[in-house]
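Trainee: Could we go through one part of this model together? I'd like to start with a helix and then move on to the sheet beside it.

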Amino acid sequence: MTKIKKGDLIELDFIGTFKDNGEIFDLTIESEAKKNKIYDPNFKYKPMKAFVGSGQLLKGIDKKLVGSEIGKKMEFDLEPKEAFGSRNSKLIQLISLNKLRSKKVNPVVGMRLDVDGQQATVRSVNGGRVLLDFNHPFAGKDVHYMLKPIKVFSIIKDKVSFSTELLGFQAEGLKVEGKKVTFKLPNKEKLGKPFLDLIVKQVKKLVPEVSDVTIT
């Protein structure tokens, strides 16, 4: 059986639940969504692709995957430090209600907001002040996962293509010659050199078989 190594691009199915009440908070399997009556017709259920050890997955999941076998189902619990992190009181802040209203935002409890580029949850609105929680919504929670790695992608072309998709771009006309990769990006001129350099760096980092990247 094929065993997974750090850096492999894999495809996996999973079901994530909160350990205390068994509530599903994330999954990739349509039949399980329907079975548990949480099916969303607007969501596209399909296996997830990820580079193992790249930070795409939870720290605890990365650790469990390394050395595991393709096609073998696993179930395990993760403590907060291996999942969504522990709650940090320093990430809870009070701000003025007027500050949000000046940005045409009318906060209500439970709302998720983008505040100066950071995501926060509104915990309370009282006396002209808003309590914002910048912790991850699942911070401090123990979680349980059912996970099944399905496939390892070994073709360099597939790995390069996915590495650019992670930055929101589809590589076009992708060609691989030894350790050299060439591809086109739509509207390349508008992206600017710093972002193009970032794409090149991303490809080389996630696909170490590649040493030369040219964007035409």
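**A helix and its sheet**

Mentor: In H6, the buried residues are Leu196, Ile199, Val200, Gln202, Val203 and Leu206, where buried means under 20% relative accessible area and exposed over 50%, with a 1.4 Å probe and protein chains only. This is a predicted model, in which local features need pLDDT of at least 70, side-chain atom pairs count only at pLDDT 80 or more, and totals for chains, interfaces and linings use all residues. Residues are numbered from 1 along each chain as its sequence is written, and side-chain values use heavy atoms, leaving out hydrogens and water.

Trainee: What do the buried residues of H6 pack against?

Mentor: They pack against strand S3 (48–51), H4, S11, helix H5 (188–191) and S12, with contact meaning heavy atoms within 4.5 Å. Helices (H or I, at least four residues) and strands (E, at least two) are DSSP runs, numbered from the N terminus.

Trainee: Switching to the sheet, what is the strand order?

Mentor: The order is S10-S11-S12 in an open sheet of three strands with mixed pairing, where two strands pair if DSSP finds at least two bridges between them. The edge strands, each pairing on one side only, are S10 (172–177) and S12 (212–215).

Trainee: How many bridges join S11 and S12?

Mentor: Four bridges, in the parallel sense.
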